[in-house]
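Please look at the model before reading on. The report starts with a strand, then turns to a helix and a core.

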Amino acid sequence: MARSASITFATLQRFCNHLAGAGAFERVREQLRERHGIELDRIFAPDAWYPTELFVTSLDAAHDVLGPPSFYELYGEFGAVHEVNVLFRWMLRLTSPSFFLQRGTGMWGRFHDTGTWTIESAPRQLRGTLRDFGVVHAGYCRVVTSWMKRAAQMTGARDVSVMHSQCRASGAEACVFVGEWR
Ligand SMILES: [Zn+2]
């Protein structure tokens with residue numbers, strides 16, 4: 001079974017409370033209990049791993065309960081800022097978005113135990129292909145797109161755009177993300 005690290009839940013919890021005030025994540029837990037019969041932890045032990053399916057179900061519940069249409073994008077941006085500032089501060093010394101995103105996708109395994117990245121880079125462009133992730137979930141692809149964009153901006157890159165040009169949720173064989181910047 002595909003698993004995701006407790007940090008993915010802890011960051012979602014922090015984001016919900018940041019977005020909608022203290023108690024917001026509690027509302028998400030209630031929704032999971034009522035709609036799905038899931039009793040989600042309130043405290044996520046640092047070394048715990050949970051099913052990835054539970055993570056995307058929690059993400060969708062948070063989207064439904066807290067609701068701005070750009071929820072997935074906002075969460076991706078929050079995740080990039082939080083994870084890089086708190087966990088991977090040394091990455092900020094990598095001033096090229098290309099190096100930064102290569103190292104960033106190299107960190108994927110700290111969050112999820114399925115999915116492998118292939119990165120192809122050209123000047124001012126990067127193409128990242130994610131294969132065999134344990135869930136197919138268009139919402140989480142929006143999170144990844146937004147994470148990559150915000151992370152690239154954190155290196156000082158300007159006019160960053162990230163396109164999710166092929167997606168397994170639309171029948172493609174793998175998920176392809178193409179970033180460009182100036
Ligand atoms: Zn996708």
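## A strand with two faces

Strand 4 (residues 125–131) has a covered face made of Leu126, Gly128 and Leu130. Its uncovered face holds Gln125, Arg127, Thr129 and Arg131. In a regular strand the side chains alternate between the two faces of the sheet. Strands (E, at least two residues) and helices (H or I, at least four) are DSSP runs, numbered from the N terminus.

This is a predicted model: local features need pLDDT of at least 70, side-chain atom pairs count only at pLDDT 80 or more, and totals for chains, interfaces and linings use all residues. Residues are numbered from 1 along each chain as its sequence is written.

Which strands pair with strand 4? Strand 3 and strand 6 do. Two strands pair if DSSP finds at least two bridges between them.

| Strand joined to strand 4 | Bridges | Direction |
|---|---|---|
| Strand 3 (residues 116–122) | Seven bridges | Antiparallel |
| Strand 6 (residues 175–180) | Six bridges | Antiparallel |

Thr116 has Arg131 of strand 4 as its bridge partner. Leu126 stands opposite Gly179 in strand 6. Strands 3 and 4 form a hairpin with two residues between them. In that turn, Arg124 has a positive phi of about 65 degrees.

## A helix with a buried side

Helix 2 (residues 24–36) has 13 residues. From first C-alpha to last, helix 2 reaches 18 Å, close to the 18 Å expected at 1.5 Å a residue. The expected span is 1.5 Å times one less than the number of residues.

Which residues of helix 2 are buried (20 or more other C-beta atoms within 10 Å of their own, C-beta atoms being placed from the backbone)? They are Phe25, Val28, Arg29 and Leu32. These residues lie on the same side of helix 2, because they cover an arc of only 100 degrees around the axis. The arc is that of the directions from the helix axis to the C-beta atoms. Their cover includes helix 1 (6–20) and helix 3 (52–66). Just after helix 2, Gly37 takes a positive phi of about 65 degrees.

## The largest core

The largest nonpolar core has 39 residues. Such a core is a set of buried Ala, Val, Leu, Ile, Met, Phe, Trp, Tyr and Cys residues joined through C-beta atoms within 7 Å. Among those that touch the most other members are Cys16, Ala62 and Met148. Helix 7 gives the largest share of this core, eight residues.

How values were computed
Buried ≥ 20, exposed ≤ 12 C-beta atoms within 10 Å, placed from the backbone. Contact = placed C-beta atoms within 7 Å.
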